[in-house]
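Please keep the sequence and the model side by side while reading.

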Amino acid sequence: MIVYGATLSPFVRKVLVYGAERGLGLESKVLGLGSTDPDFRAASPFGKIPGFRDGDFAISDSTAIVTYLEAKYPDGGLIPAEAAARARTIWYDEFADTILSAAGGKVFFNRFVAAMIGRQPDMAAADAAIRDELPPLFDYLEGVIPDSGHLVGDALTLADISVASPFANLAYCDVHVDAARHPRLAAFVAAMHGRDSFAALIAADRAFLARMAG
């Protein structure tokens, strides 16, 4: 099973962390932005990452990929079966993919990606996202993280992986959760990024960014 895309993407990272936590042995094929690799394009006709292939089956979108893997390998899945827990897990996945990543993406794109692809960065947009958009999202998460440290129930779910993933990109931009203002969120992010599944990818990303900066 192949996952196409750059590991700097929070969406690619989400799928790879999910696969690592499940022990599914996903193969990462790193592709740059705008790749015309024919296998990737067959999986993702619009060039969005991640793309995914499992034999003759191909699909794109991180949530679609995880949904496929949950159905194919149901034992030990990370989307709960109980109705309310399942709904909450899907909500946090959607929140992370659309709301949190949209705000954080303005920071990461303008501070890193724009220069890499020859675009003029909009630092004012990045600064505005940090100042105006991210704090209410951090406030929300601070208020919903339970004592268990997991967003849904007492164990790891897709919700935790999805929400933790964009925070890696923010950290690459030196944007961190203030533990004095958001202690639960800071502890959550630290715990998630300390897991082997996240730590290996984050270390590789940081090494790549250091080479680019050099």
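Are α4 and α5 roughly parallel or roughly antiparallel to each other? In this predicted model, the axes of helix α4, which spans residues 83-116, and helix α5, which spans residues 123-144, come within 8 Å and cross at roughly 155°. Angles over 145 degrees count as roughly antiparallel, and α4 and α5 are therefore roughly antiparallel to each other. The crossing of these two helices is left-handed.

On the α4 side, the residues that meet α5 include W91, Y92, F95, I99 and L100, as well as the charged K106 and R111, while α5 contributes, among them, M123, I130, L134, L137, Y140 and L141. Taken by class, the residues of the contact of α4 with α5 comprise 17 nonpolar, 2 polar and 4 charged.

Helix α4 also takes part in the largest pocket, to whose lining it gives the most, with 9 residues. This pocket has a volume of about 820 Å³ and is lined by 31 residues, of which A6, L8, S9, L33 and I49 lie nearest its centre. Besides α4, the helices α1 (10-22), α6 (158-172) and α8 (196-213) each supply at least two residues of that lining.

The table sets out the lining by residue class.

| Class | Residues in the lining of the largest pocket |
|---|---|
| Nonpolar | 18 residues |
| Polar | 10 residues |

How values were computed:
Residues numbered from 1 in each chain as written. Predicted model: local features only at pLDDT ≥ 70, side-chain atom pairs only at ≥ 80, totals over all residues. Heavy atoms only, no water. Axes fitted to C-alpha atoms, helices over the stretch in contact; angles between N-to-C directions. Helix = DSSP H or I, 4+ residues; strand = E, 2+ residues; numbered from the N terminus. Parallel < 35°, antiparallel > 145°, perpendicular 65-115°, else oblique. Left-handed = near helix turned anticlockwise from the far one by under 90°. Contact = heavy atoms within 4.5 Å. 1 Å grid on protein atoms, 1.4 Å probe; cavity = no way out; pocket = protein on both sides within 12 Å on 5 of 7 lines; lining within 4 Å. Points joined across faces, edges and corners; volume = space filled by probe spheres on them.
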